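Please read the points below with the sequence and the model open beside you. They are meant as a colleague's note, taken residue by residue and element by element.

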Amino acid sequence: MYRQLADYYDEIYHFKNYRKEAEKIETLIEQDKKSPGDHLLDVACGTGNHIAYLKQHYKVEGLDFSPEMLRIARKKHPDVVFHRGDMTSFKLKNRFDIITCLFSAIGHVRTKTLMRKAVRNIASHLEPGGLMILEPWITPANFHKGIVGFNSVDKPNLKIARINISKVRGPISAFEYHYLIGTPSKVQHIAVFDGEGLMGRGLYLGVKP
Ligand SMILES: C[S@@+](CC[C@H](N)C(=O)[O-])C[C@H]1O[C@@H](n2cnc3c(N)ncnc32)[C@H](O)[C@@H]1O
């Protein structure tokens, strides 16, 4: 999914207020973190949009599974260390005072077993008193199937129309996205069945004993 869409990710999510979200995260860190340090890891960091603000206050590193997303993040933040890894299995030498996993990226692991594995693995990289901030997937009570959504980008050399439908397949709730992406050389249609994190889903916070 992100291999095909990485180059357009920031354009597609132009409406997302990363600055405001980072400010909220900073407030939570000030309130809840118990460890003394300021070493932060953003797991599933994507193109590094939260990192743009978080790096002003913390010693930040990023981690993501997608080489294409990481390529963009590294270009935007040559001053930040990025790791390629899977949230369910990455192993880093460092321990962190704060680990974030935002925009419902945890939803990509799809099963409860892998979700538990991811949370355990993230927790194992926290310092004692360190804080985990996890933005969850939509709860079953809040997920409504059959909702049609629309988003667009209208720039001189880039037009994107995205239509999505919310669906339920067995135990998995997801969005089916159809992208029409027009550039001066071609128009491509990309269809993906996967999740998207909307804002306002709440946050889970955990402090490591
Ligand atoms: C919705 S994007 C969120 C990116 C970023 N946190 C943001 O708020 O813009 C989800 C990200 O999760 C990454 N991802 C998906 N599965 C992953 C996994 N198992 N381990 C690490 N990253 C993963 C994708 O490559 C993608 O960059």
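1. Ser-104 counts as buried because its relative accessibility is 2%, where buried means under 20% relative accessible area, exposed means over 50%, and partly exposed lies in between (1.4 Å probe, protein chains only). Ser-104 sits in the loop between E4 and helix H6 (112–124), and has a positive phi of about 60° although it is not a glycine. Helices (H or I, at least four residues) and strands (E, at least two) are DSSP runs numbered from the N terminus.

2. This is a predicted model, in which local features need pLDDT of at least 70 and side-chain atom pairs count only at pLDDT 80 or more, while totals for chains, interfaces and linings use all residues. Residues are numbered from 1 along each chain as its sequence is written, and side-chain values use heavy atoms, with hydrogens and water left out.

3. A positive phi of about 60° is also found at Ala-44, which is not a glycine either. Ala-44 lies in the loop between E1 and H4, and it counts as partly exposed because its relative accessibility is 22%.

4. Which residues are closest to the ligand? Of the 18 residues that surround it, the closest are Tyr-9, Tyr-18, Ala-44, Asp-64 and Met-87; a residue is taken as near when one of its heavy atoms lies within 4 Å.

5. For polar contacts, the criterion is a pair of N or O atoms within 3.5 Å; within protein, one must be able to donate a hydrogen and the other to accept it, and residues adjacent in sequence count only if both atoms are side-chain atoms. An oxygen atom of the ligand is 2.6 Å from a polar side-chain atom of Asp-64. A ligand nitrogen atom lies 3.1 Å from an N or O atom in the side chain of Asp-86, and a nitrogen atom of the ligand is 2.8 Å from a polar backbone atom of Met-87. The protein covers 95% of the 600 Å² of accessible area that the ligand has on its own, as computed by the Shrake-Rupley method with a 1.4 Å probe.

6. The buried residues of H3 are Tyr-18, Glu-21, Ala-22, Ile-25, Glu-26, Leu-28 and Ile-29. Seen down the helix axis, these fall within an arc of 165°, so they line one face of H3, the arc being that of the directions from the axis to the C-beta atoms. Lys-20, Lys-24, Glu-30 and Gln-31 are exposed on the other side of H3.

7. In helix H6, the buried residues are Ala-118, Asn-121 and Ile-122. They cover an arc of only 100° around the axis, which puts them on the same side of H6. The face turned away from that buried side carries the exposed residues Lys-112, Thr-113 and Arg-120.

8. Is Arg-162 buried or exposed? Arg-162, which is found in strand E7 (residues 158–169), counts as buried because its relative accessibility is 2%. Its side chain makes a polar contact of 3.1 Å with the side chain of Tyr-13, and another polar contact, of 3.3 Å, joins the side chains of Arg-162 and Tyr-179.
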